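Me: I'd like to go through a few side chains in this model with you. Could we start with the aromatics and then move on?

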Amino acid sequence: MIAIPYLTALTTYFSYGLLFAFGQIRDFFRKFSDGWWRPNNLQGYAPICLGLEDFYIRRLYLRIQDCFGRPISSPPDAWIDVVERYSNDNNKTLKRTEKISRCLNLGSYNYLGFAAADEYCTPRVIESLKKYSSSTCSTRVDGGTTVLHNELEECVARFVGKPAAIVFGMGYATNSAILPVLMGKGSLIISDSLNHNSIVNGARGSGATIRVFQHNTPSHLEEVLREQIAGGQPRTHRPWKKIVVIVEGIYSMEGELCKLPEIIAICKKYKAYTYLDEAHSIGAVGKTGRGVCELLGVDTADVDIMMGTFTKSFGSCGGYIAGSKELIQYLKYNCPAHLYATSISLPAAEQIISAIRVILGEDGSSRGAQKLARIRENSNFFRSELQKMGFEVLGDNDSPVMPIMLYNPAKIPAFSRECLKQNVAVVTVAFPATPLLLARARICISASHTREDLIKALEVFSRVGDLVGIKYFPAEPKKLHQEERMKLE
């Protein structure tokens, strides 16, 4: 739980109240103008876009939309080219300019630096493009399975420590399409309260009963499990057909590591299956990059279903499910994302295979081990320095995701725009991706960042933090980064 400072909570509530009040007043007066009736609604039909969501978009999001969806014109490496935009209608529409800003990239999920050109991966990706083309133009069960797809699935299974794996062309669809296949009426899903939207949508689409436990709280998970097993299915009180507990390795909006050993112990006690989403942890944490299981000393045999994506640490796209051979075979026969979706692009598949080989040292070098050591050092250094400066930073050590709490809606565009002026590109996150009061800037650290890059970012954050007023704790008295600069010199 995030303890919001009292004054901060009060001013945040006041800001949203002010925005809501003035927005409603303006909408009331617009009813008397012709412009209110211009939307293209057919006579007798209800408006498609109406309600609080539409109000939020018009009155808040559109006014700060220049902070979101910024186009880039370079690979998402440590530094990126950000295309500048302008608006002539109060941010309702944005137009691109020819001007490019070279910015330090603290927003991309490029944890190990594979998103840019790599001496081992890139030549192999280009060769696969020449050999196989960019797409199979077919589903896996028709003409969309190549030897490269089979090699990828074997490579992933070996890497995560499972007997078999199945890959998909989209990470989000991996969760949202798999859960309805595994779960159904008479089944029970127990989900962490801060699980990703793909898990939420997949659980809702399954038709299973859904219960939520407090974020990363094993004791509450046990309470929910005990209560649900004792009560059984709604109305009939029959035993559940199956129970699955779903957690994430690293929570993408909090940067926290899952308390996996305790959760697995509870699942074993009550005979519930464990579903682990490692989208942000696989490849990024652990001595050899094998995720939270390796980091926390958990045997992968104790995790029944392992899910992950290739869009972060591996510099590619798509997702995977790893588990027993029987589970993977069942998914290949029944999962719509396998039966009806176009198979993963072949160059993307080759990128994943090559990245895994580098991580494991199978390319004949130690670059993989160096990348893993660097991202761990960068993450822990950056988090500790932010905390010393007085920022409220969420997350655990070793996690490359570190949210900086902003809270107030006015501080979202202020922080984002001021950082961009000083050539630092950051991602700010607000409702509906987070609760209304818990807006934040989400920093993602990469192995491709040098210590000089991180010190520059810290200096910019320190200045902007003072300007915007988001240092909620007293800073340490010593001059920031002086020791680090002396080391570098």
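Me: Is Y56 buried or exposed?
Reply: This is a predicted model, and in it Y56 counts as buried, because its relative accessibility is 15% and the cut-off for buried is under 20%.

Me: How many aromatic pairs does the structure hold, and what does Y56 form with F431?
Reply: The structure holds 11 aromatic pairs. Y56 and F431 form an edge-to-face pair, with 5.1 Å centre to centre and 75° between the planes. Since Y56 lies in helix α2 (residues 52-61) and F431 in the loop between β12 (427-429) and β13 (439-444), the pair ties together parts that are 375 residues apart in sequence. F431 counts as partly exposed, at 36% relative accessibility.

Me: And why is the pair of F310 and F314 edge-to-face?
Reply: The planes of the F310 and F314 rings are at 70°, with the centres 5.9 Å apart, so the pair is edge-to-face. F310 is buried at 1% relative accessibility, and F314 is buried with a relative accessible area of 1%. F310 and F314 belong to one aromatic cluster with F159 and Y320.

Me: Changing topic, where is N110, and what does its side chain reach?
Reply: N110 is in the loop between β2 (95-105) and α3 (121-132), and its side chain reaches the backbone oxygen of P76 at 3.2 Å. N110 is buried, with a relative accessible area of 4%. Leaving aside neighbours within four places in sequence, its contacts include D77, K312 and S446.

Me: Last one: what sits over the ring of F381?
Reply: The charged end of R451 does, 4.0 Å from the ring centre, while K371 lies over the face of F114, at 4.8 Å from that ring's centre.

How values were computed:
Residues are numbered from 1 along each chain as its sequence is written. This is a predicted model: local features need pLDDT of at least 70, side-chain atom pairs count only at pLDDT 80 or more; totals for chains, interfaces and linings use all residues. Side-chain values use heavy atoms; hydrogens and water are left out. Helices (H or I, at least four residues) and strands (E, at least two) are DSSP runs, numbered from the N terminus. Buried means under 20% relative accessible area, exposed over 50%, partly exposed in between (1.4 Å probe, protein chains only). A polar contact is a pair of N or O atoms within 3.5 Å; within protein, one must be able to donate a hydrogen and the other to accept it, and residues adjacent in sequence count only if both atoms are side-chain atoms. Contact means heavy atoms within 4.5 Å. Rings of Phe, Tyr and Trp (its six-membered ring) pair if their centres lie within 6.5 Å; planes under 30 degrees apart count as stacked, over 60 as edge-to-face and the rest as tilted. A charge sits over a ring if NZ of Lys or CZ of Arg is within 6 Å of the ring centre and within 35 degrees of the ring normal.
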